Amino acid sequence: MNVLEAIMTRRSIRKFTGEPISEEDLKTILKAGFQAPSAHNFQPREYVVVRDQEKIQKITEFHKYAKMLPKAGCGIIVCGDREKQPEIGFLVEDCSASIQNMLLAAHGLGLGAVWCGLYSVEKLTKAMAEVLELPEHIIPIGMVVVGVKDEEKDSVDRYDESKIHYDRWK
């Protein structure tokens with residue numbers, strides 16, 4: 001699948017078969033995350049792959065939008081290291097670019113994936129940090145739930161001329 005096709009056809013998938021994803025596919029998705037741009041090339045991203053059913057259950061208890069996680073292959077929590085990137089805006093941007101790359105990689109591999117937000121909802125970030133035993137300087141930014149998809153979705157054209165402005169707001 002070429003990159004434009006992947007961008008135009010990727011959809012959030014929330015229904016999974018429960019089959020595990022291969023180590024090779026997981027590594028490809030993680031490598032795609034590492035390829036994302038990074039402000040000042042500080043590379044503050046860290047990833048926690050969650051497959052443990054006990055941890056998965058705990059996550060579903062505090063994150064109401066992660067109910068699909070038990071049937072997915074895994075959850076990948078994308079975290080930012082405040083010691084590597086103290087500017088929180090840049091940290092969030094770096095992690096978000098990484099998440100988008102991983103979503104596109106999963107789609108390109110024929111898998112399904114969905115982005116579950118964490119930052120800046122304090123209740124979610126605190127609970128995730130506790131479940132994953134994160135050090136204080138590591139901030140959970142978002143979670144990519146990925147697995148063998150059990151649904152197909154048609155692509156949607158979201159292009160909107162009315163939201164494009166040239167040289168000034170008009």
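Is cysteine 116 counted as buried or exposed, and at what relative accessibility? Cysteine 116 counts as buried, since its relative accessibility is 3% (buried means under 20% relative accessible area, exposed over 50%, partly exposed in between, with a 1.4 Å probe and protein chains only).

The model is predicted, with local features requiring pLDDT of at least 70 and side-chain atom pairs counting only at pLDDT 80 or more, while totals for chains, interfaces and linings use all residues. Residues are numbered from 1 along each chain as its sequence is written, and side-chain values use heavy atoms, without hydrogens and water.

**View A. Packing of helices H3 and H5.** Helix H3 (residues 53-62) packs against helix H5 (residues 122-132) at about 165 degrees, the axes lying 10 Å apart. H3 is therefore roughly antiparallel to H5 (an angle over 145 degrees). Helices are DSSP runs of H or I with at least four residues, numbered from the N terminus.

**View B. Residues between H3 and H5.** Lys55, Lys58, Ile59 and Phe62 of H3 meet Lys123, Leu124, Ala127, Met128 and Val131 of H5 (contact means heavy atoms within 4.5 Å). By class, this contact comprises 6 nonpolar, no polar and 3 charged residues (Ala, Val, Leu, Ile, Met, Phe, Trp, Tyr, Cys and Pro are nonpolar; Asp, Glu, Lys and Arg are charged; the others, Gly among them, are polar).

View C. The structure holds 0 disulfides (pairs of cysteine sulfur atoms within 2.5 Å). The sulfur of cysteine 95 lies 7.4 Å from the closest cysteine sulfur, in cysteine 79, which is too far for a bond. Cysteine 116 is likewise in no disulfide, and the nearest cysteine sulfur, that of cysteine 74, is 12 Å away. Cysteine 95 counts as buried, at 0% relative accessibility.

Methods. Axes fitted to C-alpha atoms, helices over the stretch in contact; angles between N-to-C directions. Helix = DSSP H or I, 4+ residues; strand = E, 2+ residues; numbered from the N terminus. Parallel < 35°, antiparallel > 145°, perpendicular 65-115°, else oblique.
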